[in-house]
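Grab a pencil and have the viewer open while you go through these exercises. Try each task on your own before reading the solution below it.

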Amino acid sequence: MTKVYPNASFRGRVPPCKAEMKEEVMTVWKKSLIFNCNGFTVFDGKGDLVYRVDNYMEGNKGSILLMDANGKALLTIRRKKMSLGLGDNWLVYEGEETMAIPRLSFKKSVNIFNKCLAYVTAGESDGRDNKTMYEIEGSYSRRRCAVLDDRRRIAAEIKRKEGGRGVAFGTDIFRLVVQPNNIRTDFAMALVILLDQMF
């Protein structure tokens, strides 16, 4: 039987130094490790648990925690309602802090003629011309997305995962391929969580 993950250890890992950073391929499983919860479980290429998301309340889309393998909060993702029906904006904060200035702002694209799904800016998007850090293109429902940086270089990709011997996984198990020189891996995972909320 094909495994979703080869080794589900719960120990933390030491991040590589900048010189060692290379493409990181993670397996994302749209399933919480905690019974009766919604969320995500994320494994690195060695099969070690690196991130998890556990939503205890069904339909709670107001605030989401991205945690490491030991349950330490890395990022808090909070929904911010926009006025005049302009859609929602999502803010990403470091740790469990939501009173500080957000690190990222995420907004769904409303232009149906544009292939861009969403835009990511630094800090809190206030309607002024904030510089776009990342654009997300593709189809999240098909698990084929690219996160492009401000120079249109691929920072991360969401891809379908295929097992050996012709085994195909559904859309609940997919790969997240991250270029750590272009985006932090926890930020890339935060974008996956936000795409899941919006699409």
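## Exercise 1: Salt bridges

A search of the whole structure, which is a predicted model, turns up 10 salt bridges.

**Task.** Look at the salt bridge between aspartate 196 and lysine 30: how far apart are the closest N and O atoms, and which parts of the chain does the pair link?

**Solution.** 

Step 1. Start with the distance. The closest N and O atoms of aspartate 196 and lysine 30 are 3.6 Å apart, and the cut-off for a salt bridge is 4 Å, so the pair counts.

Step 2. Now place both partners. Aspartate 196 belongs to helix α1 (residues 185-198), while lysine 30 is in the loop between β1 (24-29) and β2 (38-43).

Step 3. Check how covered each one is. Aspartate 196 has a relative accessible area of 18% and is buried, whereas lysine 30 comes out at 33%, which makes it partly exposed.

**Task.** Which residues are linked in a network of salt bridges, and is each one buried or partly exposed?

**Solution.** 

Step 1. Find the pairs. Arginine 103 bridges to glutamate 94, with the closest N and O atoms 2.6 Å apart. Arginine 184 bridges to aspartate 186, and there the closest N and O atoms are 2.6 Å apart.

Step 2. Glu94, Arg103, Arg184 and Asp186 are linked in a network of salt bridges.

Step 3. Go through the accessibilities. Arginine 103 is partly exposed at 38%, glutamate 94 is partly exposed at 30%, and arginine 184 is partly exposed at 32%. Aspartate 186 has 10% and is buried.

## Exercise 2: Rings and charges

**Task.** Which two residues form an aromatic pair, and how are their rings arranged?

**Solution.** 

Step 1. Count what there is to find: the structure holds one aromatic pair.

Step 2. Name the rings. Tyrosine 140 and phenylalanine 174 are the partners, with 6.3 Å from centre to centre and 85 degrees between the planes. Planes over 60 degrees apart count as edge-to-face, so that is the label for this pair.

Step 3. Locate them. Tyrosine 140 is in the loop between β9 (132-139) and β10 (144-149), and phenylalanine 174 is in strand β12 (residues 173-178), so the pair ties together parts that are 34 residues apart in sequence.

Step 4. Check the covering. Tyrosine 140 is buried at 3% relative accessibility, and phenylalanine 174 is buried at 0%.

**Task.** Which charged residues sit over the rings of tyrosine 140 and phenylalanine 187?

**Solution.** 

Step 1. Over the ring of tyrosine 140 you'll find the charged end of arginine 143, at 4.1 Å from the ring centre.

Step 2. Phenylalanine 187 has arginine 184 over its face, 4.0 Å from the ring centre.

## Exercise 3: One aspartate and its surroundings

**Task.** Where is aspartate 54, is it buried or exposed, and what does it contact?

**Solution.** 

Step 1. Aspartate 54 sits in strand β3 (residues 49-55).

Step 2. Its relative accessible area is 7%. Buried means under 20%, so aspartate 54 is buried.

Step 3. Look for a polar partner: the side chain of aspartate 54 makes a polar contact with the side chain of arginine 52, at 3.0 Å.

Step 4. Set aside neighbours within four places in sequence. Aspartate 54 is then in contact with Ser32, Leu33, Ile34, Asn38 and Met67.

## Exercise 4: The whole chain

**Task.** How many helices and strands does the protein chain have, and how many residues of α1 are buried?

**Solution.** 

Step 1. Count the elements: one helix and 12 strands. Reading from the N terminus, the order is β-β-β-β-β-β-β-β-β-β-β-β-α.

Step 2. Zoom in on α1. This helix has 14 residues and spans 20 Å from its first C-alpha to its last, close to the expected 20 Å. It is mostly covered, with 14 of its 14 residues buried.

Step 3. Zoom back out. The protein chain has 199 residues, and 46% of them count as buried.

Methods. Residues numbered from 1 in each chain as written. Predicted model: local features only at pLDDT ≥ 70, side-chain atom pairs only at ≥ 80, totals over all residues. Heavy atoms only, no water. Phe/Tyr/Trp six-rings, centres within 6.5 Å; stacked < 30°, edge-to-face > 60°. Helix = DSSP H or I, 4+ residues; strand = E, 2+ residues; numbered from the N terminus. Buried < 20%, exposed > 50% of the residue type's maximum accessible area, 1.4 Å probe, protein only. Lys NZ or Arg CZ within 6 Å of the ring centre and 35° of its normal. Polar contact = N/O pair within 3.5 Å; in protein donor to acceptor, adjacent residues only side chain to side chain. Contact = heavy atoms within 4.5 Å. Salt bridge = Lys/Arg side-chain N within 4 Å of Asp/Glu carboxyl O. Expected span 1.5 Å × (residues − 1).
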